[in-house]
Amino acid sequence: AMSTTTTSQSPTEFRLAIYRVVLAAAFLLVLSVFLAIPSYYQTTTLWYKTGVDRAMLLAAHYLGLVGLILLYLQIILSARGYFLDRLVGPVKLLRWHRLNGMALLVLAASHILLVLVPEGLANLPLGKKFWPEMVGGALFIVIILLVGSSYFRQAIRLPYKIWKIFHRPAGYLAMLLVTVHVLFVSESFEQTIPRVLLLTLFILVVVWIISLKFMGGHKAGNSS
């Protein structure tokens, strides 16, 4: 009986291992494609920068794009679903979600500093003309609130039910804000191919989330 059980489990474990490799490869491919965008579609801002200032702005672009992909990943990790629970495990998913949140905060802060320092901290991008930058500022505030409330919820005595009510919608808001910010703040994404790539990725994540909600509701309906 034991050998039969082992034999029946092996194909399942092997299949899950294949899925993990495929998903990891897909994530690295998406990340690589987006990190290639600043090289193929350079912004005019970089034309007028040299030396350290140019290096800082270029680093800001790359960190911003890593942050974009990790924020999309954060939404997927947050939504979980049966497939990811089976593939990774709920405990590991939660750990990744928390670590990824902290990574997002560090990336966002680094991105902002690397953009502002070359331009001069006195020249903050404020006003209607700089609305995409201000969307980025709002996004940073949302990330601070999300990460801060997660790590210090017990310290500030925030009830779990109240935290949960705003945490996930705030995550969706962050996803929307980062998409708008990248689409309109960067000249690279004024080009057709980068814009189509970003919107396609955004739509895929939204469809994934909606499908999970639908399947979750469908299962609940069936079980009742």
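View 1. The patch is made by Phe14, Ile18, Tyr19, Val22, Leu23 and Phe83, and covers about 550 Å². Patch members have over 30% relative accessible area and no salt bridge, and their nonpolar side chains are joined within 5 Å; a salt bridge would be a Lys or Arg side-chain nitrogen within 4 Å of an Asp or Glu carboxyl oxygen. Areas follow the Shrake-Rupley method with a 1.4 Å probe. Helices here are DSSP runs (H or I, at least four residues), numbered from the N terminus. Before moving on, please note that this is a predicted model, in which local features need pLDDT of at least 70 and side-chain atom pairs count only at pLDDT 80 or more, while totals for chains, interfaces and linings use all residues. Residues are numbered from 1 along each chain as its sequence is written, and side-chain values use heavy atoms, leaving out hydrogens and water.

**View 2. Leucine 23 is a patch residue found in helix H1.**

**View 3. The largest nonpolar core has 34 residues.** Such a core joins buried Ala, Val, Leu, Ile, Met, Phe, Trp, Tyr and Cys residues through side-chain atoms within 4.5 Å. Phe34, Leu68, Leu71, Tyr72 and Leu198 have the most contacts inside it. Helices H1 (2-40), H2 (51-79), H4 (90-119), H5 (131-151), H6 (160-185) and H7 (192-223) each supply at least two residues of this core, and H2 provides the largest share, eight residues. Another core, of six residues, lies apart from it and includes Leu16, Leu77, Leu84 and Leu93.

**View 4. Leucine 198 touches Phe34, Leu68, Tyr72, Thr179, Val182, Leu183 and Phe189.** Residues up to four places away in sequence are not counted, and contact means heavy atoms within 4.5 Å.

**View 5. Phenylalanine 34 and phenylalanine 189 form a stacked aromatic pair.** The structure holds four aromatic pairs. Rings of Phe, Tyr and Trp (its six-membered ring) pair if their centres lie within 6.5 Å; planes under 30 degrees apart count as stacked, over 60 as edge-to-face and the rest as tilted. This pair has 6.4 Å centre to centre and 20° between the planes. Phenylalanine 34 lies in helix H1 and phenylalanine 189 in the loop between H6 and H7, so the pair ties together parts 155 residues apart in sequence. Phenylalanine 34 is buried at 3% relative accessible area, and phenylalanine 189 is buried at 2%.

Technical notes:
Buried means under 20% relative accessible area, exposed over 50%, partly exposed in between (1.4 Å probe, protein chains only). Patches are made of residues with over 30% relative accessible area and no salt bridge: like charges are joined within 9 Å, nonpolar side chains (Val, Leu, Ile, Met, Phe, Trp, Tyr) within 5 Å.
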